[in-house]
Amino acid sequence: METVFKKSFKEFYTFIILVFLSALTIAADYKYNQLTYVRSLINDTIIYPIDYVSTIPRQIVKASVEESQIKATMEDKIKTLEDENLKLKIQLQEYQSLKDENLRLRKISKASTKISEKQTLAKVINNKAHPSKKIITIDKGKKDGVFIGQNVLGLKGLIGQIIESSYLSSKVLLISDLNSNIPAQITRTGEKIIIKGKDKSNELDVPFAPINMDLKLGDVISTSGMANRFKANIPIGKISSINNDKEKKFAEVTVSSYENIGNSSELILIWDYKPKEKNE
Amino acid sequence: MNNFLIISTSLVLALALTIITFIFGSYSPDWLYLVVIYWILAVPNSIGLITSWFIGLLTDVAFGTILGSNALTFIIVSFIIIKTYKFVRYLTVYQQAIIIFLLLFLKQTILLWIDGFIRLEEIQFSNYYWSVLTSSLFWPLIFFVLRYVRRRYNVS
């Protein structure tokens with residue numbers, strides 16, 4: 001009888017100690033950010049391999065589907081690509097002259113003439129790494145020098161930012177997440193706005209846009225570089241709908257992103273911009 | 001040795017399932033909780049409190065939540081099951097599913113409370129409680145599959 005009691009008490013004390021330990025870890029992680037090392041260690045040793053292996057079946061299915069379509073679509077694809085190439089070459093000529101002109105004008109106004117130089121391609125391992133938030137995992141981590149807050153782009157525009165990085169992999173918070181607010185501007189007027197995620201994957205919201213703000217359908221939205229979170233002038237999307245309801249305080253504006261956010265398999269990390277942290 | 005191998009394999013599979021079912025959003029069941037609860041019910045000495053605390057830490061890293069929050073709920077759930085397994089074990093599977101529902105409801109409420117206390121971001125209630133329902137619906141499946149595994153490989 002006594003041993004049963006002893007065992008029961010032992011369990012109870014372990015329980016109490018572990019509760020305190022959990023409270024301590026929560027406090028240490030939240031308040032002092034001391035446990036990133038533990039998190040990154042567990043991530044690299046256990047989560048990353050499982051994540052990597054578990055996405056293999058999905059990739060095989062995807063690859064085989066693509067394989068079966070390949071012959072039928074290949075010729076079409078080559079043709080469209082050639083057309084596109086021609087168009088782009090012609091456009092490039094125009095851009096080249098515009099760029100020179102821009103540089104000349106900037107020299108006059110003595111603004112910076114910095115253009116991105118170093119980029120890294122990253123592969124998406126898991127394009128749904130959280131049940132409710134829009135977070136993806138990529139295969140570049142601290143070993144490649146990835147830092148928190150780094151801007152992540154697609155071929156056409158902004159995709160997100162790094163929020164967590166371990167040695168082998170890191171997590172990207174997409175701009176379409178409900179909790180990501182991006183300081184942006186309308187390139188036509190230069191007016192500053194904030195872009196927020198929506199439930200739909202390729203639509204973004206503009207909260208706090210005053211009624212009758214100077215907006216047109218098709219206006220290009222790009223990052224403004226305010227708050228030092230994103231590099232300036234990265235294209236985000238264009239305005240797809242405006243609803244000026246006089247009853248409400250703000251206009252309902254929807255932005256459709258250039259990038260197919262969350263479905264891309266390769267992303268670009270840029271290096272020439274480092275966001276300023278509050279603590280520094 | 002056999003015990004350890006089978007149980008850790010099932011936990012790894014549960015973790016993989018967790019990661020795969022992220023696509024179903026907040027409807028995806030808590031596979032790890034179900035598997036841990038099953039093993040504690042079937043073989044009470046298999047998973048102790050300390051092990052379940054570490055499994056909780058693992059869950060935290062997988063979900064990207066504050067380190068320690070799932071660890072806390074894991075030990076609370078395991079402690080309740082360890083203390084009551086003699087009673088819960090003799091219920092039918094569907095009655096057990098109700099117990100699981102209540103336990104996971106408690107767990108999600110604690111997680112919601114922690115998130116609300118910390119308040120890193122807007123809280124959406126729909127993200128919290130759907131998994132409780134789906135988990136308890138999946139309980140019979142987990143129960144029968146793991147019982148088959150347990151009998152087949154003689155885990156005791």
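1. Ground rules. This is a predicted model, where local features need pLDDT of at least 70, side-chain atom pairs count only at pLDDT 80 or more, and totals for chains, interfaces and linings use all residues. Residues are numbered from 1 along each chain as its sequence is written, and chains are lettered from A and ligands numbered from 1 in the order in which they are written.

2. The interface. Chain B puts 33 residues into the contact and chain A puts in 31 residues; two residues touch if their C-beta atoms, placed from the backbone, lie within 7 Å. On the chain B side, α1 (2-20), α3, α4 (69-88) and α5 (93-118) each give two or more residues, with α3(B) giving the most, at eight residues. Helices here are DSSP runs of H or I with at least four residues, strands are runs of E with at least two, and both are numbered from the N terminus. By class, that side of chain B has 24 nonpolar, seven polar and two charged residues. For the classes, Ala, Val, Leu, Ile, Met, Phe, Trp, Tyr, Cys and Pro are nonpolar, Asp, Glu, Lys and Arg are charged, and the others, Gly among them, are polar.

3. Axes are lines fitted to C-alpha atoms, for helices over the stretch in contact, and angles run from 0 to 180 degrees between N-to-C directions. Arg39(A), Ile42(A), Asn43(A), Ile46(A) and Ile47(A) meet Leu57(B), Leu58(B), Val61(B) and Ala62(B).

4. A helix pair inside chain B. α3(B) also packs on α1(B), at an angle of about 25° and with the axes 11 Å apart, so α1(B) and α3(B) are roughly parallel (under 35 degrees). From α1(B) come Leu11(B), Leu15(B), Thr18(B) and Ile19(B), and from α3(B) come Ile55(B), Leu58(B) and Ala62(B). The tally is six nonpolar, one polar and no charged residues.

5. Ile75(B). This residue sits in helix α4 of chain B and counts as buried because 27 C-beta neighbours fall inside 10 Å; the cut-off for buried is 20 or more other C-beta atoms within 10 Å, with C-beta atoms placed from the backbone. Leaving out residues up to four places away in sequence, Ile75(B) touches residues of chain A, including Phe15(A), Leu18(A) and Val19(A), as well as residues of chain B, among them Leu49(B) and Trp53(B).

6. The barrel in chain A. Six strands close up in the order β1-β2-β5-β4-β3-β12, with antiparallel pairing; strands pair if DSSP finds at least two bridges between them. The twist averages 45° from one strand to the next. β2 (residues 135-138) and β5 (residues 170-174) of chain A share four bridges, and Ile136(A) stands opposite Val172(A).

7. Strand β4(A). Six of the eight residues of β4(A) (158-165) are buried, so this strand is largely enclosed by the rest of the structure. β4(A) pairs with β3(A) (residues 151-153) over three bridges, where Asn151(A) partners Gln161(A), and a four-residue hairpin joins the two strands. With β5(A) there are five bridges, one of them between Ser165(A) and Ser170(A), and again a hairpin of four residues makes the link.

Note on methods:
Buried ≥ 20, exposed ≤ 12 C-beta atoms within 10 Å, placed from the backbone. Parallel < 35°, antiparallel > 145°, perpendicular 65-115°, else oblique.
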